[in-house]
Amino acid sequence: MKLGDERQPPLGALPEEVRDVRPHPGGEGPRSPAAAHAPDGHPVLTARFAVPAVPDVFVRRPRLVEPLAAGLHHPLTLVTGPAGAGKTLLLADWVGSLRPRTAAWLTVEQEDSAPGVFWAYVLHALRHHGIPPPPHIGSPADPGEVDRPLLARLADWLDHRDTPVVLVLDAFDRVAGCTEVAQELEFLLDHAGPALHLMITSRTEPLLPLHRHRAAGGLVDIRGADLVFRAEETAELTARHGLALSTGCADALTERTGGWAAGVRLCALAARQEEDPEGFLEHFEPGHSTVADFLLAEVLTAQPAETQDLLLRISILDETHPALADALTGRDDAAPILADLHRANAFVAPLGHDWYRVHPLFAEILRVHLRTRHPGLEPELHRAAARWLRGAGLPDQALPHTAAAGDWEQAAAELVGRPAIGRLLTGLDAARLADLFAGMPPDVSGPAADLVRAARELARHDVDRGLGHLRRAEEALPDDGTRAAAAVQLSGALLRVVAARLAGSADMAEAAAKAAADAREGLPAECLDDSPELSALLLTELGTAQLWAGRFDAARAALSAAAEAPEGPLTAMPRHEALARLALVDLLHGRPGPAGSRAREAVAGAERAGVPAAARSGTADLVLSAAALDRADLRTARTHLARAASPSAASRDAATTVELALLRCRVLLVEGDVRAARRALDGAAPAAADVPPWVVDRVAAVRAAVHLAEGDPAAAARMFAGRGARDPEGLVVEARAHLAAGGADRALRVLDRLTGARSLGPATAARVLLARAQALDATGDPAGAERLVRKALSVARPHLLRGPFTEAGPWPRRFLAHRPELLRAHDWLVGRAGGGAPSAAAGEPARAPAPEQLSARERDVLERLAQLMSTEDIAADLHLSVNTVKTHLKSVYRKLAATRRGEAVRRARELGLL
């Protein structure tokens, strides 16, 4: 058996069970005569004709088998890849499945570079597998050459065969440098016609005119990238070795081995001997394993001394350029060596623009070998790499090498001086930088090092430790007017804003933001342009602190400025959070329409930038959930509420944490689960010591709503005793408490406190109007109540705000039941599934069933269509493409026999679908 679908190193380097070299069952025809000899006088080795046995652990991959089968209609199939990539067993498994079996197998050896020897073995392979050429074709007599007439006779015989022949040449790279053999093979391909299908496995591309075959569509080309194992294939391979790995472990093993078949299998063989296989695979050292034995024997030691030296030195790099490699070797031969390694599939792959990458597992093994062969050289190599990368204008790539060289003060100074300290707090590289500086020794001193430590602690939301490091840094901050001093001061100011937001201190945040503005004056514009995340992050953190403090106008200004930052991987997170918190400000002011639009924009931007959901605070989904609740769309509200609650609590700011608990409670109240709603209130107690009044009011309002749902208006009213509600939402709940207790006049006096208040958002305005209408109705003024209800309906209709009518209890339903003409004029208010909105008046005509059932996704689109959402908004809300939404709309129109939006909505309501 050949390890990992491929040729193996010396047997002593592998476990006993990997040494199976039995022939493929049934894979041989009659054996060659024992006395047969090649033209060089050596006996013909029949073992070279054996189709390798396919082990039980072999994973058949349809995505590779399918092109092999399709390749039978083409003259040539080429499978190239590095050692252990899976070339040999892929073809062996496929050849074994051929019916009828008309394939000849030849494992090529180096002596076959003599054309006479090569063709003699080809002819013996055909005979061995039961496809004997007729005697008149003859055999080569000279090991160094073959007569062209012999090849012509062979081609003519193949061309006239009724049954096509598959000829497999395994390990053809062993004669890759022989031009004569390549030319003779091409002659045979050209003249044998469709009766010959040639299959080649090789580490390098043969000297055949592949460009001509590719242009003519006559080549099936399976390369190393195709042979790479995917995570699910890794899981299947390890399962066949008796290892049931978790999805995460299979993913990690695939990433660490680069999907290299031999690497995956050798790791599996080693892991199954361990009590904790997953723990072993997570922490094993490939530099001291059979994986290392394989790669060192098959790849490294097969190279010339100069190539070995280059590979060892560039192993410290994630990516290398010929000029960078020359800087590490002190020579000028890296360009041709790297090109040759790539052509030889020697675990070096091109990345474009003259950059290369060594296979990560191979690089890991090379680094271990480097430390053994050249102890003490690695730090100097890192230092040289950092110098070259900085000189090439690649400071991000230089930084890890500066740290790896042990130059920690310089590494911290480089990060702070750019200034790029914000990248420890945001961006896709934040975790990598945090891990990098986790290795910084405690004795490294200076303001830059302390600022880095402060950033790492604040990124983990440890305010006390972060402020401690920040104070030490500020005590040593330079003030010499230089650019470096300004960068350090700006970095410190940014971190103080972050600390202020975490501590809930808007005053500290605003003072630090002013200090940051002063420090910016000492930096050139191009320096700030290179770090766009700094401004976006600072403004987002400032606006969030101001939002918590109830300074809504200031928060809106800061967050709006942050949202204007250019889109990019470094600004994606602060822009997302800025837009989400702007949406929260709109929601708090009773404007669910603009709030929902901003929240959808925030989610769409994060999706475009690839920001993982777990890294977001959940504020955008919280807003979308609350906006859906205002429309009495419980299903959508629950969906977004679940998403809002999924990120870790540590990633949320204080305002989002409180609002999430309050929203969960409100949803449960609408669902009628009062006991669960009361339990949800336990999470609404703010953790900050100084809780702003607006938060106190919102918590009190929801707590009072729970008391009302429990039938205890006195307890609800006591929530406002001694101070009274101060925000419109709280005033509405306080008024409802008095109404429930029979105090309509007192309810009106509570609502009178809103006189002179600034303009209210539509959701808040609808709630206030309904509460006042109910109070007027209770005092004997039904005409006044109807006037206010009409006004509430008019305010709510553009946004389909059913929620305020649901929250007002049974009174709106009873009131409208006696005014059917008013209800008919506002049929949008008629309830939807799970919404709990007022029902249609009795006596309405029965609705006919839908002529054709809508799919679940079509219903989702229809519901949003009824909410007056645009096609683009529907697409964003459902995470679909605009074209997909248009397709659903066409189907909805067809099924409802409608041609326009309004007609479809009216028809759906008639049918009871909305």
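Visitor: Which residue lies over the face of Phe-229, and at what distance from the ring centre?
Guide: A charge sits over a ring if NZ of Lys or CZ of Arg is within 6 Å of the ring centre and within 35 degrees of the ring normal. This is a predicted model, where local features need pLDDT of at least 70 and side-chain atom pairs pLDDT 80 or more, while totals for chains, interfaces and linings use all residues. Residues are numbered from 1 along each chain as its sequence is written, and side-chain values use heavy atoms, without hydrogens and water. Over Phe-229 you will find Arg-61, at 4.0 Å.

Visitor: How many aromatic pairs are there?
Guide: Rings of Phe, Tyr and Trp (its six-membered ring) pair if their centres lie within 6.5 Å; planes under 30 degrees apart are stacked, over 60 edge-to-face and the rest tilted. One of the pairs is Trp-260 with Phe-294, edge-to-face at 5.5 Å centre to centre and 65 degrees between the planes. The structure's count of aromatic pairs is 11.

Visitor: Is Trp-260 buried or exposed?
Guide: Buried means under 20% relative accessible area, and exposed over 50%, with partly exposed in between (1.4 Å probe, protein chains only). The relative accessible area of Trp-260 is 3%, so this residue is buried.
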